[in-house]
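Subject: A structure for you to explore

Hi there,

Here is the structure I promised to pass on. Please open it beside this email and follow along as you read.

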Amino acid sequence: MTTQSLRRTQLTDEVATVLRNRIMTGDLRPGDFVRLDETASALGCSVTPVREALVTLRGEGLVRSSPHRGFIVEPLDRGDIVDIFWMQAELSARLATNAVSNPDLPAHLATLTGLVDEFDDAVAAGDQRRVLLTEFAFHREINLAGDSKKLAWFVHAASKYNPHELYTRDPQWRRQAAASHRRLVGHLRRRDTEAIRTEIHQGFADARDRLIDQLESIGFFDEQSRTEAAPA
């Protein structure tokens, strides 16, 4: 792959992330048209990575293509969100519990402890970007400790549906996440697999409920029901 091709692939992934987040948070709603030119202009890129990103999202079932009309956002209901977060919780819990058998776990725990301290500092400072970066680093370290490249790949793929900034800009979520991270490190240190699973499932259940509450607050599901009931 050439350097130019690599950059375009990275840009396509970035555009897909932006559009995926807009769909998951209700900024783009079912039935909305995603205009190539408008989106490219808003994101400051050419039409090509936007088109390629939308093809990716079509493969994920988030949009559909319509001849001569471009791409249209597909329906997203509560059941979809429940399923997405259940899958993430199951995969993440399996990977984290694998970590208790890793002979290098003490080294990972030292790194995780430092990341928890850094996360606490970012929360105290109200630094949303630092919270986001440290959150990624914390979960990446747990995934590394799980020592399963295949499972980690599935976790990464599933996590793309998390609208991370929805959470990191919420002071209540930040405080709650800081406490959860510290408890999770303790569970890992004690190699308590049941507590690890419970902590992770509770975290994803909270994230699921916060997203559903956000969508309900903007009338997302009511509007979708009207759209689906409308005659073709």
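Predicted model: local features only at pLDDT ≥ 70, side-chain atom pairs only at ≥ 80, totals over all residues.

**The core**

The largest nonpolar core has 56 residues. Those with the most contacts inside this core are Leu-54, Leu-57, Ile-81, Phe-85, Phe-138, Leu-188 and Leu-211. Helix α5, residues 105–125, gives the largest share, with 8 residues. Apart from this core there is another one, of 5 residues, including Leu-95, Leu-151, Val-155 and Ala-158. As background, nonpolar side chains in soluble globular proteins tend to be buried together.

Leaving aside residues up to four places away in sequence, Ile-81 touches Leu-76, Arg-208, Leu-211, Ile-212, Leu-215 and Phe-221.

**Two residues to look up**

One of the partners of Ile-81 is Leu-76, which sits in the loop between β3 (70–73) and α4 (78–98). Is Leu-76 buried or exposed? Its relative accessibility is 4%, so Leu-76 counts as buried, the cut-off being under 20%. Gly-61 is 15 residues from Leu-76 along the chain, and their C-alpha atoms are 9.6 Å apart.

The other residue is Arg-20, which belongs to helix α1 (residues 3–24). Arg-20 has a relative accessible area of 3% and is therefore buried. Which residues does Arg-20 touch, not counting those up to four places away in sequence? They are Thr-56, Leu-57, Glu-60, Leu-62, Lys-160 and Tyr-161.

**Two helix pairs**

Next, find α2 (residues 36–43) and α3 (residues 47–59), whose axes come within 9 Å and cross at roughly 115°. That angle makes α2 roughly perpendicular to α3, and their crossing is right-handed. On the α2 side the contact is made by Leu-36, Asp-37, Thr-39 and Ala-40, and on the α3 side by Val-47, Val-50, Arg-51 and Leu-54. Sorted by class, this contact has 5 nonpolar, 1 polar and 2 charged residues.

Now turn to α9 (residues 171–190) and α10 (residues 193–217). Their axes come within 9 Å and cross at roughly 165°, which means α9 is roughly antiparallel to α10. The crossing of α9 and α10 is left-handed. Among the contact residues are Trp-173, Leu-184 and Leu-188 of α9, together with Ala-195, Ile-196 and Ile-200 of α10. By class, the contact of α9 with α10 has 6 nonpolar, 4 polar and 4 charged residues.

Happy exploring, and write back with any questions!

Best wishes

Key. Residues numbered from 1 in each chain as written. Heavy atoms only, no water. Axes fitted to C-alpha atoms, helices over the stretch in contact; angles between N-to-C directions. Helix = DSSP H or I, 4+ residues; strand = E, 2+ residues; numbered from the N terminus. Parallel < 35°, antiparallel > 145°, perpendicular 65-115°, else oblique. Left-handed = near helix turned anticlockwise from the far one by under 90°. Contact = heavy atoms within 4.5 Å. Nonpolar A, V, L, I, M, F, W, Y, C, P; charged D, E, K, R; others polar. Core = buried A, V, L, I, M, F, W, Y, C linked by side-chain atoms within 4.5 Å. Buried < 20%, exposed > 50% of the residue type's maximum accessible area, 1.4 Å probe, protein only.
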